Amino acid sequence: MIKSNRLSNASMYPGSMSDQQRDQQSEQQQRQTGFDALKEHVLANKLETTQWVSRVLTIYFALGYVLPFLYGNSVNAYYKVLMANAATSAIRLHQRLPPFKLSREYIQQAMLEDSFHYLLFSLIFLYVYPMLVIILPVVLFSVLHSTSYSLTLLDTLGQNSWWGARLLISVVEFQTRNILRFAAFCEIIIMPLTVLLVFLGKAGIMTPLVYYQFLVMRYASRRNPYTRNVFYELRLLAENFANGTGTASVLRKAIHASIHFISRLAPSPVTPHQQQQ
């Protein structure tokens with residue numbers, strides 16, 4: 001009789017049973033947070049954690065270049081920014097691609113990946129004179145991607161852990177679009193800079209040629225349209241300035257000739273079908 005009464009009470013109050021289940025689930029979730037949960041997450045996601053570490057090192061070495069007292073040798077810090085970014089890009093490229101095959105299709109697929117673009121970027125500038133603007137795109141992407149994964153790591157520690165870091169992450173996420181536009185602008189500005197570095201004897205003659213190929217790949221990127229968008233915005237800005245009433249005719253002709261020349265160097269437009277691949 002007692003058992004039957006308990007069963008009847010449980011059936012009469014199904015809501016109370018669901019509340020108990022929710023309490024048990026919340027208790028289990030609380031037990032799954034903390035340093036033990038963080039350790040389990042790191043062991044289960046070794047590649048992602050390694051990428052996060054390499055991105056944090058990229059940011060640290062960049063600070064060491066700007067603020068030499070943090071690292072000691074600013075030149076070494078500069079080149080370690082590029083090496084850390086190369087490691088990040090190589091790991092990401094490994095994740096994105098199928099097992100290696102020595103074929104034309106495999107190489108073409110690799111060249112479409114943004115991680116391949118920035119692996120090439122690091123290799124281009126490993127033997128070029130250090131300049132802050134060169135490493136800015138690398139650092140900006142490292143900040144974006146490391147903050148997003150930092151939030152995942154903080155969640156494993158607990159919902160209320162490190163609220164100051166969470167605030168900084170939210171600020172970065174809020175400024176994502178502006179950061180990506182500025183990174184794309186830096187990519188474009190570096191192109192004429194490489195030509196100038198050749199004339200100054202600070203870079204090899206192949207540097208602007210190889211960087212042009214990098215910029216073409218960035219322009220045709222399937223996942224990041226910001227380089228194309230910034231090119232278009234700069235073109236509109238230049239055309240508006242050239243067509244202004246106060247612009248001299250010689251300067252106007254020079255600007256239009258430059259726009260025409262750069263437009264001829266641009267790759268063919270990316271179709272929606274290619275973007276979805």
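The protein has 14 helices and zero strands, where helices (H or I, at least four residues) and strands (E, at least two) are DSSP runs numbered from the N terminus. This is a predicted model, in which local features need pLDDT of at least 70 and side-chain atom pairs count only at pLDDT 80 or more, while totals for chains, interfaces and linings use all residues. Residues are numbered from 1 along each chain as its sequence is written, and side-chain values use heavy atoms, with hydrogens and water left out.

**Overall fold**
- Along the sequence, the pattern reads α-α-α-α-α-α-α-α-α-α-α-α-α-α.
- Among contacts (heavy atoms within 4.5 Å) between residues at least 6 apart in sequence, 67% join residues at least 24 apart.

**Burial and surface**
- Of the 277 residues, 34% count as buried, meaning under 20% relative accessible area with a 1.4 Å probe, protein chains only.
- The protein exposes about 17700 Å², of which carbon and sulfur atoms supply 64%; accessible areas come from the Shrake-Rupley method with a 1.4 Å probe.

**Packing of α12 and α13**
- The axes of α12 (residues 226-242) and α13 (residues 249-265) come within 9 Å and cross at roughly 160°, the axes being lines fitted to C-alpha atoms over the stretch in contact, with angles from 0 to 180 degrees between N-to-C directions.
- That crossing angle makes α12 roughly antiparallel to α13, a label for angles over 145 degrees.
- The contact involves residues of α12, among them Phe-231 and Arg-235, and residues of α13, including Leu-251 and His-256.
- The residues of this contact divide into eight nonpolar, two polar and three charged.

Conventions
Angles under 35 degrees count as roughly parallel, over 145 as roughly antiparallel, 65 to 115 as roughly perpendicular and the rest as oblique. Ala, Val, Leu, Ile, Met, Phe, Trp, Tyr, Cys and Pro count as nonpolar, Asp, Glu, Lys and Arg as charged, and the others, Gly among them, as polar. Buried means under 20% relative accessible area, exposed over 50%, partly exposed in between (1.4 Å probe, protein chains only).
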